[in-house]
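Reader: I would like to go through a model and learn how its features are read. Where shall we begin?

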Amino acid sequence: MVSKEKPTLGGTRIKTRKRNIAAPLDPASFADAVVQIYVDNAGDLELVAKSIESSDLNFSRYGDTFFEVVFTGGRTQPGTVKPDDGERHSYSVLDCEAKREAILPSVLYIQKILRRRPFLIKNLENVMRRFLQCLELFEKDESKKLSIFTALAFSQKLSGLPPETVFQPLLKDNLVAKGLVLSFITDFFKEYLVENSIDDLILLLKRGKMEDNLLDFFPSAKRTIQAFSEHFTKEGLPILVQYNEKKVFDVKLREMKSALTTQIAEETDVSEVIDTVKQCVKDANLPDVEVVRILWDVIMDAVQWSGKNQQQNANAALRQVKTWAKLLSAFCTSGKLELELIYKVQTQCYDDAKLMKLFPEIVRSLYDLDVLAEDTILLWFQKGTNLKGRQTFVKALEPFVNWLEEAEEED
């Protein structure tokens, strides 16, 4: 029997399934290469930058490793700031002196690198966030260098570095409790304010969502306005103390205004409203002048204006003045405060067209209700210093002033 020839696969192309074969990661070799560039150029950052620009190193993959080398001189162990095996150089940020002139070149060097490779800003964020979360692992001098670097980075407007990257990682409870955050942020404020204004700093804090939370940098036991003032006064930053005091003051004013707005809208008894104001003044140590201004604003904000009907507007305003005259009288306790009230009325009547013609009627009503004294009105008429519409209002009030003077002569 002749057996049949078996079929073969000769000449047949066998297709293999495609796989994603990842190249092995080798951050150690990358770090060693960057370190060698530093060493070859003896730490001259201008030359280092040129060498890095002309190199074919894979920055897109090893961006975090690159900034570890920049900050510490070599690789760090994953998740920490401790040195890892491998080559190191002695020209890093943490090897500099803790002075702006020593650290500024590193900031400008990184700025130059980021301009050529803007995608690296994310890696810079990653490394800075990790370092700031590990502040307790740095020596005090090293922490100060990081704070100076950070301040200079924002001062130089380092490409795209978001403030929340810096401020938010600092708020770890253990770091705050040990006072490490307060020390870091104090050095940061000092350095940043060398070349920037307090307004610039506040804008930066606002972008970092920290403008209203400055006390969060303090350990919980010292989280008070007094501790804030004492600390930054001692550290030579009175401008920051003044800003914070004003901010706290503004908050207290808003709280008081909100409480009064509610009570007046609900037509709460005048005596109860007076007690509320007295308590706010006591709690926040509010100046009498500010109290008078707020009272007038809140009272007039509650008026139901009718639109273009001048007489209805006048009636509504005068009715409101009559209703709350006792409240105004309780806090206009001197000629100075009465004069401040007239200035407040003058400003509002000048700024609001529908009230322009009501000035003399409001003043007369306040006089009739024993809120304003005759001497105060005459003083305003003769020597008032608020120039807003003064000439118009003086003329409008002249008949009433003449009546006051005639009545005084008759008496």
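**Reading burial, backbone and cavities**

Author: Glu 340 counts as buried, because its relative accessibility is 16% and the cut-off for buried is under 20%. The model is a predicted one.

Reader: In which helix does Glu 340 lie, and which residues does Glu 340 touch beyond four places in sequence?

Author: Glu 340 is part of helix 17, residues 335-351. Leaving out residues up to four places away in sequence, Glu 340 touches Val 289 and Arg 293.

Reader: Is Leu 193 buried or exposed?

Author: The same cut-off is applied: under 20% relative accessible area is buried. Leu 193 has 17% relative accessibility, so Leu 193 counts as buried. Leu 193 sits in helix 9, which covers residues 180-195.

Reader: Which residues does Leu 193 touch, if those up to four places away in sequence are not counted?

Author: A contact here means heavy atoms within 4.5 Å. On that basis Leu 193 touches Ile 198, Leu 201, Leu 237 and Ile 239. A C-alpha distance is another way to read the surroundings. Leu 193 and Ser 155 are separated by 38 residues in sequence, and their C-alpha atoms are 8.9 Å apart in space.

Reader: Now the backbone. Which residues other than glycine have a positive phi?

Author: Lys 209 is one of them, with a phi of about 60°. Asp 370 is another, with a phi near 65°.

Reader: Where do Lys 209 and Asp 370 lie?

Author: Lys 209 is in the loop between helix 10 (198-207) and helix 11 (225-234). Asp 370 is in the loop between helix 18 (359-368) and helix 19 (374-383).

Reader: Are Lys 209 and Asp 370 buried or exposed?

Author: The cut-off for exposed is over 50% relative accessible area. Lys 209 has a relative accessible area of 61%, so Lys 209 is exposed. Asp 370 is exposed as well, because its relative accessible area is 64%.

Reader: How many cavities of 30 Å³ or more does the structure hold?

Author: A cavity is space where a probe fits but cannot get out. The structure holds one cavity of 30 Å³ or more. The volume of the largest cavity is about 30 Å³.

Reader: Which residues line the largest cavity, and which elements give two or more of them?

Author: The lining consists of Met 128, Phe 131, Leu 132, Leu 146 and Thr 150. Helix 5 (121-133) and helix 6 (140-155) are the elements that give two or more residues to that lining. Helix 5 supplies the largest share, three residues. By class, four lining residues are nonpolar, one is polar and none is charged.

Reader: Last, the whole chain. How many helices and strands does the protein chain have?

Author: The protein chain has 20 helices and zero strands.

Reader: What do the radius of gyration and the spans of the chain say?

Author: The radius is read against a rule for a compact globule. For 411 residues such a globule would have a radius of gyration near 22 Å, whereas the protein chain has 35 Å. The C-alpha trace spans about 145 × 70 × 40 Å along its principal axes.

Reader: What share of the residues is buried, and what share of contacts joins residues at least 24 apart?

Author: Of the 411 residues in the protein chain, 45% are buried. Among contacts between residues at least 6 apart in sequence, 68% join residues at least 24 apart.

Definitions and conventions
Residues numbered from 1 in each chain as written. Predicted model: local features only at pLDDT ≥ 70, side-chain atom pairs only at ≥ 80, totals over all residues. Heavy atoms only, no water. Buried < 20%, exposed > 50% of the residue type's maximum accessible area, 1.4 Å probe, protein only. 1 Å grid on protein atoms, 1.4 Å probe; cavity = no way out; pocket = protein on both sides within 12 Å on 5 of 7 lines; lining within 4 Å. Points joined across faces, edges and corners; volume = space filled by probe spheres on them. Nonpolar A, V, L, I, M, F, W, Y, C, P; charged D, E, K, R; others polar. Rg over C-alpha atoms; globule rule 2.2 N^0.38 Å.
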